[in-house]
Amino acid sequence: MYILMQYRKNERLIKLRKEKGLTQKNLADALNMNQSMISCVETGKKEFGKENKVKVANYFGVTVEYLFYERYMNETA
């Protein structure tokens with residue numbers, strides 16, 4: 001069973017973006033996305049669709065679960 005909880009404010013995305021020295025616009029350009037969507041995801045107003053979650057996670061070299069969910073627990077039922 002997977003328990004996934006969506007972040008309200010995506011601190012991990014903000015941290016990874018800043019560690020790479022990127023603005024929201026830089027990241028949006030690199031991923032062929034809209035800067036306002038990056039902003040909305042970072043502030044928790046919206047969330048990416050599945051494809052874009054994978055795209056962003058791959059860009060930073062992390063898992064979707066790490067980047068977009070507060071807790072990730074793999075339990076066997």
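## Phe 68 in helix 5

Phe 68 is buried, with a relative accessible area of 0% (buried means under 20% relative accessible area, exposed over 50%, and partly exposed in between, using a 1.4 Å probe and protein chains only). Phe 68 belongs to helix 5, residues 64–68 (helices are DSSP runs of H or I with at least four residues, numbered from the N terminus). From Phe 68 to Phe 48 the separation is 20 residues in sequence, and their C-alpha atoms are 9.2 Å apart in space.

## About the model

Please keep in mind that this is a predicted model, where local features need pLDDT of at least 70 and side-chain atom pairs count only at pLDDT 80 or more, while totals for chains, interfaces and linings use all residues. Residues are numbered from 1 along each chain as its sequence is written, and side-chain values use heavy atoms, with hydrogens and water left out.

## The two sides of helix 4

Helix 4 spans residues 50–60, and its buried residues are Lys 53, Val 56, Ala 57 and Phe 60. These residues lie on the same side of helix 4 because they cover an arc of only 100° around the axis (the arc is that of the directions from the helix axis to the C-beta atoms). An α-helix has 3.6 residues a turn, so residues three or four places apart point the same way.

Turn to the other side of helix 4 and you will find Glu 51 and Asn 58 exposed. Just after helix 4 comes Gly 61, which takes a positive phi of about 70°.

## Salt bridges

Side chains of opposite charge can pair when their charged atoms come close. With a salt bridge taken as a side-chain nitrogen of Lys or Arg within 4 Å of a carboxyl oxygen of Asp or Glu, the count is five. Lys 53 is buried, at 6% relative accessible area, whereas Glu 47 is partly exposed at 43%.

Another salt bridge joins Lys 15 and Glu 19, at 2.8 Å from N to O. Both residues sit in helix 1 (residues 11–19), four residues apart, or about one turn of the helix. Lys 15 is partly exposed, at 49% relative accessibility, while Glu 19 is exposed, with a relative accessible area of 52%. Lys 9 and Glu 11 also form a salt bridge, with an N to O distance of 3.9 Å. Here Lys 9 is partly exposed at 43%, and Glu 11 is partly exposed at 44%.
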